[in-house]
Amino acid sequence: MSLNLTRFSRNTWIAYLLVEIGLFLVANLTAKSASHPGTVSNVFFDTFIVGLVIAAALGITALVRSRRA
């Protein structure tokens, strides 16, 4: 059984990277704004970290699959 769920094209990885960079930048821009500084920033930064962990897991999975093939 072959699962192609972890195979992304180069364009998909680039788009994913751009979204991650955007989340990181928005987290930094919102760090010292509004009446509760850091609240919105923490949400964006946590989302960035979760996305980074997912990207690392998918990258490791793709690397292992390519080594086995």
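This is a predicted model: local features need pLDDT of at least 70, side-chain atom pairs count only at pLDDT 80 or more; totals for chains, interfaces and linings use all residues.
Biologist: Why does valine 50 count as partly exposed?

Modeller: Valine 50 has 49% relative accessibility, and therefore counts as partly exposed; buried means under 20% relative accessible area, exposed over 50%, and partly exposed in between, with a 1.4 Å probe and protein chains only. Valine 50 belongs to helix H2, where a helix is a DSSP run of H or I with at least four residues, numbered from the N terminus.

Biologist: What makes alanine 27 buried or exposed?

Modeller: The relative accessibility of alanine 27 is 2%, so this residue counts as buried. Alanine 27 is part of helix H1. Its C-alpha atom is separated by 9.0 Å from that of aspartate 46, 19 residues apart along the chain.

Biologist: Why are H1 and H2 called roughly antiparallel?

Modeller: Their axes cross at roughly 155° and come within 8 Å. Axes are lines fitted to C-alpha atoms, for helices over the stretch in contact, with angles from 0 to 180 degrees between N-to-C directions. Angles over 145 degrees count as roughly antiparallel, under 35 as roughly parallel, 65 to 115 as roughly perpendicular and the rest as oblique. H1 and H2 are therefore roughly antiparallel.

Biologist: Which residues form the nonpolar patch on the surface?

Modeller: Among them are Leu25 and Phe45, and the patch has about 880 Å² of accessible area together, by the Shrake-Rupley method with a 1.4 Å probe, only the protein chains shown counting as cover for residues. Patch residues have over 30% relative accessible area and no salt bridge; nonpolar side chains (Val, Leu, Ile, Met, Phe, Trp, Tyr) are joined within 5 Å, like charges within 9 Å. A salt bridge is a side-chain nitrogen of Lys or Arg within 4 Å of a carboxyl oxygen of Asp or Glu. H1 gives the most, with six residues.

Biologist: How do you know that phenylalanine 45 is partly exposed?

Modeller: Phenylalanine 45 has 35% relative accessibility, and so counts as partly exposed. Leucine 25, at 48%, therefore also counts as partly exposed.

Key
Residues are numbered from 1 along each chain as its sequence is written. Side-chain values use heavy atoms; hydrogens and water are left out. Helices (H or I, at least four residues) and strands (E, at least two) are DSSP runs, numbered from the N terminus.
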